[in-house]
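Dear colleague,

I am handing over the structure we spoke about, and my notes on it follow below. Please read them with the coordinates open beside you.

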Amino acid sequence: MTDAPSADNPFDLTGHVAVVTGGGSGIGLGIAEGLARAGATVAILGRNAGRLDTAAEQLRAHGRPVLPLVCDVADEDATTAAMARIRDEFGWLDSCFANAGVRGVFTPVLETSLAEFREVTRVDLDGVFLTLREAARQMIAAGRGGSLVAVSSLGAFQGMPRQPAYAASKAGVTALTDSLAVELARYGIRANSVAPGWFDTEMTSEGLNNERFRERVLPRVPVRRWGAPEDMAGVAVYLAGSASRYHTGDVLRLDGGYLKF
């Protein structure tokens, strides 16, 4: 690739190669849209081939290459192969957004089996670890530095009744990125997490469409609306590129002020 980012615009991602897991819909697609619009080449990973293909066509409207890859991020061999495929296709990897996740079912903790607990953590924690580890390996091999970003949740900061596995995973993700920030800085690799608040996505639709839930929660959001996937675009572009070159080991909350009210 011969394109190079503009020295005058730290938000220009021309020549940049990014990967977004869970990039076929929701927050992941919002991230991928922002990156592609800023000029990045984007690989999107997910388990639903049809959804990935639809998202890829949407992203290609921005004029940059898009690579959809079917991958279960909790499968170590599949994740390793996906990152190697991205390297082979584009030559390197500059940023990785570990967004893929599952919520699990709402179950009282006393009725939650270990198998049910691990069904969530295998994706939301193990999968994030595998994704970021393999991306970091590619970044170190290329010698270009890079940015690792994990999508966490407000569940990392407040109790989530009936969702112990999800909350534990998201808290683990924030600690994981802190550790990576310290260990990988010598390679020019930054690591941060982003904690969305109440975003209107397929995963949250059950709650957000519940009248009682809306009446109790929405008034606690100072901006008085739910987050939308496109609200992730700006922070994604910032964290991916040189604008954030001195920003690492942090958690960025995108919650419309929810935790402050």
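Helices α3 and α4 pack at an angle of about 35 degrees, their axes lying 9 Å apart, and the crossing in which α3 passes α4 is right-handed. On the α3 side the contact is made by Glu-76, Thr-79, Thr-80, Met-83, Ala-84 and Arg-87, while α4 contributes Leu-130, Thr-131, Arg-133, Glu-134, Ala-135 and Gln-138. Please keep in mind throughout that this is a predicted model.

Two of the residues in that contact also pair by charge: Glu-76 forms a salt bridge with Arg-133, with 2.8 Å between the closest N and O atoms. This pair links distant parts of the chain, since Glu-76 belongs to helix α3 (residues 76–90) and Arg-133 to helix α4 (residues 114–142), 57 residues apart. Glu-76 itself is partly exposed, at a relative accessible area of 40%.

Also in the contact is Arg-87, whose side chain meets that of Asp-88 in a salt bridge at 3.1 Å, N to O. Arg-87 counts as partly exposed at 35% relative accessibility, whereas Asp-88, at 58%, counts as exposed. Through salt bridges that share partners, Glu-76, Arg-133, Glu-134 and Arg-137 are joined into one network.

The search of the whole structure returned eleven salt bridges, and one more of them deserves a description here. Glu-33 forms a salt bridge with Arg-37, the closest N and O atoms being 3.9 Å apart, which falls inside the 4 Å cut-off applied to such pairs. Both residues sit in helix α1 (residues 26–37), and because they are four residues apart they are separated by about one helical turn.

If its neighbours within four places in sequence are left aside, Phe-97 is in contact with Val-19, Val-20, Thr-21, Ile-31, Leu-35, Val-149, Ala-236 and Ala-240. As general background, nonpolar side chains in soluble globular proteins tend to be buried together.

Finally, how many disulfides does a search of the whole structure find? The search finds zero. Cys-71 counts as buried at 5% relative accessibility. Cys-96 is likewise in no disulfide, its nearest cysteine sulfur being that of Cys-71, and at 0% relative accessibility Cys-96 counts as buried.

Technical notes
Residues numbered from 1 in each chain as written. Predicted model: local features only at pLDDT ≥ 70, side-chain atom pairs only at ≥ 80, totals over all residues. Heavy atoms only, no water. Helix = DSSP H or I, 4+ residues; strand = E, 2+ residues; numbered from the N terminus. Buried < 20%, exposed > 50% of the residue type's maximum accessible area, 1.4 Å probe, protein only. Contact = heavy atoms within 4.5 Å. Disulfide = S-S within 2.5 Å. Axes fitted to C-alpha atoms, helices over the stretch in contact; angles between N-to-C directions. Left-handed = near helix turned anticlockwise from the far one by under 90°.
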